[in-house]
Amino acid sequence: MTRVNLALLILIACVASLPLFGGAYALRVGTIACMYAIFALSWNIVGGFAGYPSFATAAFFGFGAYATGILLNKGVPLSVAVIGSLVMCFLLAAALGTVLLRLRGHYFAIASLSLVEVFRELVNNATDLTGGGMGLNIPLASGSGILADATFFFYAMWALLLITAVVVMIVSASKLGFGLNCIRQNETASNMVGLNSTLYKSVAFGLSACFVGAAGGIYAAWVHYIDPSDVFDILYSVKPIVMALMGGLGSPLGVVCGAFVYLGLEEVVWRNYIQIHSGVLGVLIIMLLLFLPHGLISLRSGMFWRKAKHV
Amino acid sequence: MLAVQVLINALVLGCLYACIAIGFSLVWGVLNVINLIHGSFIVLGAYLAWGAYQWLGISPWYALVIAAPLFFAFGYLLQRLLLNRVISAPVLVTLTLTFGLDLILNNAMIYYFKADYRKLTLSPPTGSISLFDVVVPVDRLIATASALALTGLLYLLLRRSKVGRAIVAVRLDRDAAVLMGVDVKSIYAIAFGLGAALAGCAGVLMALIFPISPLTSSAYLGKAFVVCVLGGLGSVSGALAGGLLLALVEGIGSTLIGPAHATTLSFVLLIIFLVVRPQGLLGRKGFE
Amino acid sequence: MVQSRLARYARISGSLLLAVAGLAVSASLASAEDVIRFGAPLPITGPLAPEAVKQQQGYDLWAEQANKAGGITIGGKKYKVEIVYADYQSNTPRAVQTTEQMITQDNVNFLFGAFGSGAAKAASTISEKYKVPTLAATASSSQVYDQGYKYLFGTFTPNDTLTTPLTQIIKAKAPEVKKVAILARNDLFPLAIAQEMEKSAKANGIEVTYFEKYAINTLDHSATLSQIKSLAPQWIFVTGYTNDLLLIRKQMVDQQMRASVVTMIAGPAYQEFIEAAGQSAENISSASWWHPAEQYAGKDIFGQTSNFVKLFRAKYNSDPDYGQASAALCGALFQLAIEKAGSLDREKVRDELAKMDVVTFFGPVKFGANGQINSLEPPVFQIQNAKPVVLFPDAIKQGEFKLGVN
């Protein structure tokens with residue numbers, strides 16, 4: 001267990017203490033923070049480790065949300081529904097990955113972006129199953145009080161974050177992680193030395209999708225009503241990238257910090273600059289990319305326990 | 001006959017799509033930058049045309065002439081001052097940067113112009129021509145003709161002028177172009193400026209046909225994407241081919257399986273092309 | 001090494017705490033005792049921004065009138081009205097978050113619903129949990145009210161109240177109409193009302209030859225319209241928002257499509273539509289929940305419908321449409337309920353709303369058991385000579401139905 005990973009675990013543990021500091025609203029924001037961190041960590045597997053700039057996060061978030069929503073509507077208990085979404089997303093992503101991951105760079109980015117559009121339109125048109133443009137109602141999981149509900153969902157998202165972080169740590173220390181590293185640096189050479197890059201990439205893509213899907217499931221149960229434009233929103237694909245860039249590509253600790261800082265910025269901007277918040281966000285992104293291309297982690301020179309690599 | 005009508009609609013629409021995509025394709029092909037601001041440029045051009053017509057009484061045809069140099073300058077400066085810094089950065093960085101720029105531009109437009117939809121209605125209205133049961137609106141025809149003229153102009157520019165040849169050279173082989181004495185930095189800026197000018201002009205033409213609002217920028221961008229992938233990057237003929245193919249698929253798909261599925265179909269087609277034939281219909285053969 | 005690591009931890013936890021602190025600390029707003037705060041989450045930015053402007057106009061007009069009269073009277077004391085706005089960026093999850101923020105951070109007493117059926121429904125879960133009475137000004141789909149909530153009320157009648165009278169008028173005035181083509185935007189309200197239309201048509205013996213949905217950002221409808229044209233229906237029914245309908249109407253004219261009846265919901269109710277469509281708006285029929293031509297003698301702060309229209313015109317230089325009217329109505333209803341309850345207690349106000357049975361400038365207001373209003377008779381109208389002419393109900397009928405749309 002490296003020091004970095006330890007730091008990450010400690011950070012996550014600290015977040016768990018949020019209910020002691022704030023009421024239902026703070027828990028709501030905390031839940032979103034955990035969700036963003038899950039996005040960033042998951043994206044990092046395929047974007048940071050493997051070097052494939054994926055824009056498919058929103059596709060699997062939405063897929064997971066709808067899968068869980070539909071299962072819940074059929075009476076399946078929440079935990080089973082979420083695990084079901086997780087497994088479905090993993091398999092789906094791995095399968096799609098074998099086809100899409102043959103593309104590199106720009107082309108892969110566009111293909112993954114198109115996935116979001118395709119999934120959204122498919123859901124939009126399957127009106128009988130998903131409610132189409134009219135959205136999907138999800139039954140209230142429990143009739144309990146506000147605080148109990150908020151705490152429940154906060155801990156559910158937090159637990160998922162912990163699992164994701166642990167898996168990411170295991171991956172980075174394992175043969176898979178090593179293989180992804182090789183693929184990022186030089187895929188052709190990796191293939192030549194006998195690394196089964198298709199398998200590794202597909203697994204990575206699958207892993208990057210499954211936790212996002214599960215997060216989508218928890219999200220759906222949390223908000224009780226989802227519609228295609230909400231959950232298949234391109235921004236859910238772009239934000240993890242910005243978070244990862246902010247925190248430092250490739251580093252799990254970095255991306256999680258990036259996620260939290262991003263959320264903080266987003267909240268501050270949203271509250272104070274109502275009319276121009278997306279413009280301010282744009283300015284932030286540009287500043288970030290021009291002046292801090294390696295993320296917050298790089299602010300401390302000489303601390304490259306993991307060099308943030310170019311993608 | 002329905003089939004013929006659908007076909008004619010698609011042909012006309014396809015040229016418009018090509019017009020939307022050509023600037024995008026140029027920037028992507030030459031600078032290897034996916035310019036996510038493209039959609040917003042188009043909308044800005046449309047506003048220019050609308051404003052000129054509404055307040056100054058300037059007909060859109062003249063607006064074209066005004067738009068081109070304005071947008072060229074805007075794009076040139078943008079590239080020179082901002083995008084040039086990340087020109088050799090990885091895909092992710094340039095994509096996210098242009099995404100950020102687009103957020104700013106789009107937000108500014110919503111702030112100043114409001115999100116209400118505006119319409120440029122020419123008075124007197126131009127009506128439609130009807131030939132053997134097939135109806136074609138005149139304004140679309142004119143816009144299509146202008147779109148073709150624009151792309152033709154670009155083609156000539158790239159083929160005949162020194163700057164144009166330099167752009168093609170950079171597109172084909174950047175390093176060799178440097179060796180040949182081409183000032184790549186300046187070419188990048190010119191190409192981006194050109195892309196912006198084309199987007200602005202496309203916007204002026206679109207103002208005649210579609211409603212104008214900052215909210216439509218993502219729709220234009222989406223079309224540009226698909227056209228580029230289908231037709232092939234960086235070539236005028238590619239953009240035309242891609243535009244026609246997209247319009248045909250949408251039109252026929254709409255008629256056979258309903259409009260709701262037509263959008264899905266176009267993106268599925270995109271993915272299929274990306275996987276099976278990423279260089280598009282007409283591939284990377286430079287500008288021809 | 002240890003030092004820099006500590007520095008890193010400090011920085012990380014610092015930024016995290018900063019982020020969380022920024023969120024958890026409630027902006028304590030000065031709670032003046034003589035103020036009643038109404039929360040209005042609106043899509044001030046994003047695709048629904050134009051709608052938010054309308055809602056805001058309605059709310060502001062009411063607040064201004066209420067405060068001009070001194071405020072809302074409770075037990076002899078006058079309370080000023082304050083409306084707290086927040087932007088949920090046309091994004092439903094944000095609408096939910098904004099609603100909760102308004103209740104817990106901004107300490108509003110009562111809430112106006114988010115715009116549209118989807119967001120109103122999603123956010124209603126929050127207001128139900130916190131037991132805050134919410135009046136939704138623009139939620140018409142009955143699906144919004146099917147969760148058995150007690151604190152949610154809505155001022156739009158269900159969608160079928162628009163389509164049924166319309167179908168009956170067509171059946172009576174245009175018996176040659178045998179086929180209808182329905183084109184709907186794939187979105188909660190437009191699709192829901194299109195489905196109601198389908199039911200209505202079938203119930204009245206009109207054949208539905210075409211029913212398709214178009215995606216939200218569709219730029220070009222020419223293929224769809226060509227297909228509808230080839231089916232030659234006598235009635236074309238299109239739903240969507242103003243921009244969609246303008247685009248479709250233009251493309252219909254381009255293709256030289258003609259029909260006996262063309263109905264569009266919900267554009268023609270708006271002045272912008274009529275102006276932008278120009279000549280092509282002639283004889284288009286539509287229905288909405290209110291019309292300035294109505295003549296009700298209300299017991300609310302606006303009183304006569306004509307008075308409301310006059311005040312609106314004076315403030316905004318344009319005629320009000322049903323969206324703005326509904327927003328103002330919600331404010332006026334809260335005022336009536338609070339004054340009747342004689343307190344700011346949420347339970348009591350909620351009960352007064354549930355019991356309400358009063359005539360307002362908008363029409364008679366009575367809420368059904370599920371919280372949705374069921375006492376209105378939505379007007380059916382047609383654009384004739386660039387002006388909307390009411391055809392139904394008979395009490396306010398201004399003209400006769402005209403056939404034939406070019």
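A: Gln295(C) sits in the loop of chain C that runs between strand E11 (284-287) and helix H10 (305-316); helices (H or I, at least four residues) and strands (E, at least two) are DSSP runs, numbered from the N terminus. This is a predicted model, in which local features need pLDDT of at least 70 and side-chain atom pairs count only at pLDDT 80 or more, while totals for chains, interfaces and linings use all residues. Residues are numbered from 1 along each chain as its sequence is written, chains are lettered from A and ligands numbered from 1 in the order in which they are written, and side-chain values use heavy atoms, with hydrogens and water left out.

Gln295(C) has a relative accessibility of 66% and therefore counts as exposed (buried means under 20% relative accessible area, exposed over 50%, partly exposed in between, with a 1.4 Å probe and protein chains only). Apart from neighbours within four places in sequence, the contacts of Gln295(C) are Thr305(C) and Ile396(C), where contact means heavy atoms within 4.5 Å. Between Gln295(C) and Ser306(C) there are 6.9 Å from C-alpha to C-alpha, and the two are 11 residues apart in sequence.

Next come two residues with a positive phi. Most residues other than glycine have a negative phi, and most peptide bonds are trans. Asn283(C), in the loop between H9 and E11 of chain C, has a positive phi near 70 degrees. Asn283(C) counts as buried because its relative accessibility is 10%. Asn317(C) is in the loop between H10 and H11 of chain C, and its phi is also positive, near 65 degrees. With a relative accessibility of 73%, Asn317(C) counts as exposed.

Chain C also has cis peptide bonds. One joins Ile265(C) and Ala266(C), with omega at about 20 degrees; Ala266(C) belongs to the loop between E10 and H9 of chain C. Another runs from Phe392(C) to Pro393(C), with omega near 0 degrees. Pro393(C) is in the segment after strand E15 (387-392) of chain C.

The last topic is the aromatic rings. Over all chains, the structure holds 50 aromatic pairs; rings of Phe, Tyr and Trp (its six-membered ring) pair if their centres lie within 6.5 Å, and planes under 30 degrees apart count as stacked, over 60 as edge-to-face and the rest as tilted. One of these pairs is Phe110(C) with Phe334(C), a tilted pair with 5.3 Å from centre to centre and 35 degrees between the planes. Phe110(C) is in strand E4 (residues 110-112) and Phe334(C) in helix H11 (residues 322-341) of chain C, so this pair ties together parts that are 224 residues apart in sequence. Both Phe110(C) and Phe334(C) are buried.

Tyr270(C) and Tyr322(C) form a stacked pair, because their ring centres are 5.6 Å apart and their planes are at 20 degrees. This pair links distant parts of the chain, 52 residues apart: Tyr270(C) is in the loop between strand E10 (261-265) and helix H9 (271-277) of chain C, and Tyr322(C) is in helix H11 of chain C. Tyr270(C) counts as buried, at 6% relative accessibility. Tyr322(C) counts as buried too, at 6% relative accessibility.
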